[in-house]
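Here is a walk through one protein model.

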Amino acid sequence: MIVLLNGQLRKREEAVISVFDHGFLYGMGLFETFRTYRGRPWLLERHAERLAAGCRILGIEYAPDPERMRADIARLLDANGLRDAYIRWSVSAGEGEIGLTAEPYRHPVEVVYAKALPPDDPDTRPAKTLRLLGLARSTPEGAVRMKSFHYMNNMLGKRELARTGAPPGTEGLFLDRNGHLCEGLTSNVFWVTGAALYTPSPDTGALPGVTRRFVMDMARASGLDVREGRFVRDDLLRAEEVFITNAVQEIVPVTAVEDAAGTAVWTGEPGRFTRQWMKAYRRMAEEGVER
């Protein structure tokens, strides 16, 4: 694998950062994951916007430039012999002294990864099972969750699934500490009931995902009322259709929801809106049309 380290192509064994980097020492770093379609990054401006906002909050002096990002992604895809790929764009705070600091980080480190994706067609995409986790979602470090290097809560949730015998591909579903639905291990969760689309609000600790926002816009364009809020398990169990989203998997239908012991508490089929949006999302991504 070839990566970009501060704009320079490097083999994975050559791409190293300082042990004094505050991303390593204190988790002071952010990243964005997204896909390329026909060699083009999708929703790049939105990802760059979220990355820039997070850097301002963390005091990291880094201003992502979408045009430069596009050029670097093209170089990275070419170096790895890829066209449609998973991209992770990471920004670490950079080197500093041991100890907490209130000073800005003026020399961040940028690392960009690309890896191949398996073939995927919305028409044949397999559905997933959601399993409620006993582990609660951690609260955000700040007012709203950022896509930061802090992933211990997610890793512990992943280990809980393995420990409880969940089949591969099962998505863990977090509740917050007050019992409200929050988000998946690597996804935002949605459901349709009646003429409305529901999704947990960011004040539960859910990440305000880029794909999440795009799908909410699609739902409004389809004539549905979009409702963000604090919902409990029973709200989800009344759903007519359920799906999850992230930037790499796009929109994935859910056909079963399980409790933490693995007992099904809801079953269904990929719904009309889910199937419609899966196809529309892929078409727009391949055409590079954001409405």
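**Pocket and helix packing**

The lining of the largest pocket holds 17 nonpolar, 16 polar and 14 charged residues. Here Ala, Val, Leu, Ile, Met, Phe, Trp, Tyr, Cys and Pro count as nonpolar, Asp, Glu, Lys and Arg as charged, and the others, Gly among them, as polar. The model is predicted: local features need pLDDT of at least 70, side-chain atom pairs count only at pLDDT 80 or more, and totals for chains, interfaces and linings use all residues. Residues are numbered from 1 along each chain as its sequence is written, and side-chain values use heavy atoms, without hydrogens and water.

The largest pocket has a volume of about 1100 Å³. Of its 47 lining residues, Thr186, Ser187, Asn246, Val248 and Gln249 are the closest to the centre. Elements giving two or more residues to this lining include α2 (44–58), α5 (210–221) and β13 (241–246).

Now turn to α2 and α5. Their axes come within 10 Å and cross at roughly 130°. α2 passes α5 in a right-handed crossing. Arg46, His47, Glu49 and Arg50 of α2 make the contact (heavy atoms within 4.5 Å) with Val210, Arg213, Phe214 and Asp217 of α5. By class, these residues are two nonpolar, one polar and five charged.

α2 also packs with α3 (residues 66–80), at an angle of about 115° and with the axes 10 Å apart. Leu44, Glu45 and Ala48 of α2 meet Pro66, Met69, Arg70 and Ile73 of α3. This contact has five nonpolar, no polar and two charged residues.

Terms used: On a 1 Å grid over the protein atoms alone, a cavity is a set of points where a 1.4 Å probe fits but cannot get out, and a pocket is an open set with protein on both sides within 12 Å along at least five of seven lines; lining residues have an atom within 4 Å of a point. Grid points are joined across faces, edges and corners, and a volume is the space filled by probe spheres set on the points. Helices (H or I, at least four residues) and strands (E, at least two) are DSSP runs, numbered from the N terminus. Axes are lines fitted to C-alpha atoms, for helices over the stretch in contact, and angles run from 0 to 180 degrees between N-to-C directions. A crossing is left-handed if the near helix is turned anticlockwise from the far one by less than a right angle, and right-handed if clockwise.
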